[in-house]
Amino acid sequence: MQHFLGFAIPGVPFGCTYAIVAVGLVLTYQATGVFNFAYGAQAYVSAYLFTRLVQNNHFPVWLAFVLSVVVLGPVIGLAFDRFLFRKIATTNTTAKLVTGISLFVGIPAVLSVIFGSANQYSPPSILFDPGTVYLHVDGTPVNGSAVTAVLATVAILVALGLVLRFSNLGLQMRGAVESRRLTELDGVNAGRVVAVAWAISGFLAGLAGVLLAPTYGELQFNDYAALMVAAFAAAAWAVLRSLSIAALAGVLMGVATTTLQGYLPVNSVWSSAIFTSFPFIVLVAALLFVPGLRRLDRTKDPLSSVDPPTPPSVSSLRAPQMDRVIRILWYVLLGGFVVSMLTWLPTTWENVFNAGLVFSTLFLSITLITGMGGQLSLAQATLAGVAAFTAAQLATHFGFNFLVGGLIGAVVASAVAVILALASVRLRGLGLSLLTIAAALFFDNTVFPQALSGGHGQSISVLPTWVGLGVTNPDGHAFFVLAMVVLLICIAGVQLVRRGTTGRFLGAIRGSETGATGLGINLTWQHVLIFALSGLVAGIGGTMGAIQQGQVSPGLFNYQLSLVFVVVVVTTGAGTVEGALQAGFGFVVLQQLLTYVPARFGGNSLVVVFFAFGALTYAAHPEGIVEFQKRRWTLRFERLIFHTDPATAGRIPGVSGGPTGGAPPVAVVEPAVGDHG
Amino acid sequence: MAEPRTPPLLQVAGVTKIFGGILAVGDVTINVNRGESIGLVGPNGAGKTTLFNCICGQLRPERGTVELDGVSLLDLPTYKRARMGVSRTYQRIEVFPDMTVREHLVVALRARQSTGRLWRDMCNLSSVTTDESGRVDEVLELVGIADQAEVPVASLGLGSCRLVELARALVSEPVLLLADEPSSGLDIRETAELANVLRTLQHERGLALLLVEHDLGMVGEVVDRAIVMNLGNVIAEGPFDTVMADPAVRHAYLGVTA
């Protein structure tokens, strides 16, 4: 018994923070329909500021707490609502997810731009000293952070429960999530209700942040990302609905993790892996076995049919003669680029553009899965890593050529993607994204460091002899030629799939799954197929990335990169091949340009900030902000050069076209499936 | 219209569907013969769309059987039923906003034939053939939207979208068409044209039609037989005029007490 308590009690503070975060997630989801991906970042901001105020500015703990949690927490929540989520309340799950992911990636980057990249050490506790033992439970010592966490959690959850149970607010929140517009028609100020929910959830995030901080010696954003997966798991078991189940699941997970860890052999692979893998296992189990999660995205706002349709891509809008001009310009650009790379460009910039080619290849996998498949996969860097590690292992142990090994690795990555696809056959949108990020974290924490890189989490250098052909020679152009050929092959493949029947079927599925399956399209097969193709391309990109970097290491392929990749591609346009190329080159060129700016301004963090803020426009321009600007300019040029107006030619929706063109669709209130009529 | 001795094309027997204790469809039995058109009418909430969903596979009934040409459909997923020749249009339109009208029909054609092979895409063999293009044009002409073939569907009004759905359902040459309120959102002229199209189809192609519709005038023009549902049950069946004169039907549907 003493053993058990000795293992279980250290899990309580973790469990309490999991519970608070899970409750905050469920509360936001219930009130606003937003699954707040950025919640971990909110918690981190409060914890960071709290620690900084106490350690660096010597504020008293209570004042730092008030400023960073009581004030800043709700302010961040309200800002999210006022400036972002309120504007996209009626958009689809993907837009909300992308916004959340952009914040999750962007906020820590903003912090390091503002305060520099130095970490904060020994975060203080808000009430009791973590180093002091306050009481013994059955002989097991209980320290200050556990006492603080339990007291704060109980107090907050009881207070929250009372407010939601006995005030009008709870009822109005439930109405607001169904349809904010319908609730407003009933005379409820839905905006205020939603704002209150955001403020409360912001406060909870801050509280969880400062409660968790003292359990770590050093404040790192990664720990808060891990916290998020645990909270996701707890919230998933509550089907994003029940606050009490979310809280209970959170506490149980904290306790179960440390208990399991205690009973496993000390210093074994399992013991260190369990802490990060356990939340993943619980989350995947929830996604697979809780049927309610499959229906999360199916609820539609009854007033959604009054929304305007999304604009089609610019390539389908412009006139054929404009298409010809643009194609010629592309060839000129390509020719100029190849000649420049082979002749006058300095090595630094040749390396930058080589990296651009590699990233473009990798980003094509996002064009496939997100642009064509309509799903947000958050494990693309992981798939790239699977291929690179496979190639490295095959080269180390069996003497395979790295390129051959990379192809085999890409097939393995494709197989991993197929497993993910099969596990997520019934999931869409949010559920699928959660499953993929859980998989990414699992690979980061368990598979990459333990299995693939030889058990030490060390990087493997890519030896010149592995690749041959002088590809790794820094003075030659062999890598450029290789990367260019690989990219062109991938582009050709993606374009063929896009224009072919598969692309058409996927377009139909994106438009309406019900309609597509009613025509005879096998949704499961198409889902698996696009995952497989995306995994293959990601794997090829990963192998090229490993050669370009000269090494294979877990850090090159972690989940954060997957998130950044999504944010970058979405900013430029996930729907087109051009979007992937712009993302690939934009990403590396911006990084290089920022090396000329003093490091004080954040360097690489600033790149992430740029793209994160770009991606925040996703809801307004789901085709990508670059794509949006391109459309404006293309059409402007078209008018100028050819004197044609796409609007009058019927190529712009809602402007003309047919006798009934432009008539708004009437609102149909009943759902199509499961309707009784 | 059909030979009386040949077995029915669609046999729905004792189909029951319950949503959380509410009986949506209760023990419904319907037979549809080849080339026959049947109007399925009844007030909102009668269970008409639910019955459609049970036939197409979007819902699985608690009890009962659904057979097409003697083959049980119950264990087949929706897409396989579609490939067997069961097409439908939807009450709440289900079009693909990224595509033009023509692309909708090409997708439907290929989905029915299940010719979507990745290797064909990769060998650039997936462009639209003259044969496909001819069939698409024919159906567009028939439905009367040939002039909108290249228009993105997102720019069309609700009425045109319904016609696109109809054309999409027809291009794959189904043996059975389930049309769910095809005239809602259409004006009087368009409704008359639609009725005309449906009649022509039946005569020229021998298509069996199950039509859910509130516009009784149109139903009367198109169908051979009518089935009236109310609160999940069939309350009357027979020739359209006879059924509409039935006091029980008038009470259920029109609120008129006999």
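Let me begin with a convention: a crossing is called left-handed if the near helix is turned anticlockwise from the far one by less than a right angle, and right-handed if it is turned clockwise. What we have here is a predicted model, in which local features need pLDDT of at least 70 and side-chain atom pairs count only at pLDDT 80 or more, while totals for chains, interfaces and linings use all residues. Residues are numbered from 1 along each chain as its sequence is written, chains are lettered from A and ligands numbered from 1 in the order in which they are written, and side-chain values use heavy atoms, with hydrogens and water left out.

I will start with chain A. Its secondary structure comes to 27 helices and 6 strands, where helices (H or I, at least four residues) and strands (E, at least two) are DSSP runs numbered from the N terminus. Of its 677 residues, 57% count as buried, that is, under 20% relative accessible area with a 1.4 Å probe and protein chains only.

Now to the helix pairs, for which axes are lines fitted to C-alpha atoms over the stretch in contact, and angles run from 0 to 180 degrees between N-to-C directions. Helix α16 (residues 380–398) and helix α17 (residues 402–423) of chain A have axes that come within 7 Å and cross at roughly 140°. That makes α16(A) oblique to α17(A), and the crossing is right-handed. On the α16(A) side the residues that meet α17(A) include A:Ala387, A:Ala391 and A:Ala395, and among those they meet are A:Gly405, A:Gly409 and A:Ala413.

How do α15(A) and α20(A) compare in handedness, left or right? The crossing of α15(A) and α20(A) is left-handed. Helix α15 (residues 347–372) and helix α20 (residues 478–499) of chain A pack at about 15°, with their axes 10 Å apart, which makes α15(A) roughly parallel to α20(A), a label given to angles under 35 degrees, with over 145 counted as roughly antiparallel, 65 to 115 as roughly perpendicular and the rest as oblique. The contact (heavy atoms within 4.5 Å) involves residues including A:Leu357, A:Leu364 and A:Leu368 of α15(A), and A:Phe480, A:Leu487 and A:Ile491 of α20(A).

One loop residue deserves a mention, namely A:Ser424, found between α17 and α18 (429–452) of chain A. At 1% relative accessibility A:Ser424 counts as buried, and, leaving aside residues up to four places away in sequence, A:Ser424 touches A:Leu432, A:Leu435, A:His527 and A:Phe531.

Turning to chain B, there is an open sheet of 6 strands in the order β6-β7-β8-β3-β9-β10, with mixed pairing, two strands being paired if DSSP finds at least two bridges between them. Strands β6 (86–88) and β10 (233–239) of chain B stand at the edges, each with a single partner strand, so one side of each is left without a neighbour in the sheet. The twist averages 15° from one strand to the next. Helix α1 (residues 48–56) of chain B packs on this sheet, touching β3, β6, β7, β8 and β9 of chain B, and its direction makes about 150° with that of β7(B). Helix α6 (residues 158–171) of chain B lies across β6 and β7 of chain B, running at about 165° to β7(B).

B:Val228 has B:Ala236 as its bridge partner, B:Asn230 stands opposite B:Asn233, and B:Leu231, in the hairpin with 2 residues between the strands, takes a positive phi near 50°.

Definitions and conventions. Buried < 20%, exposed > 50% of the residue type's maximum accessible area, 1.4 Å probe, protein only.
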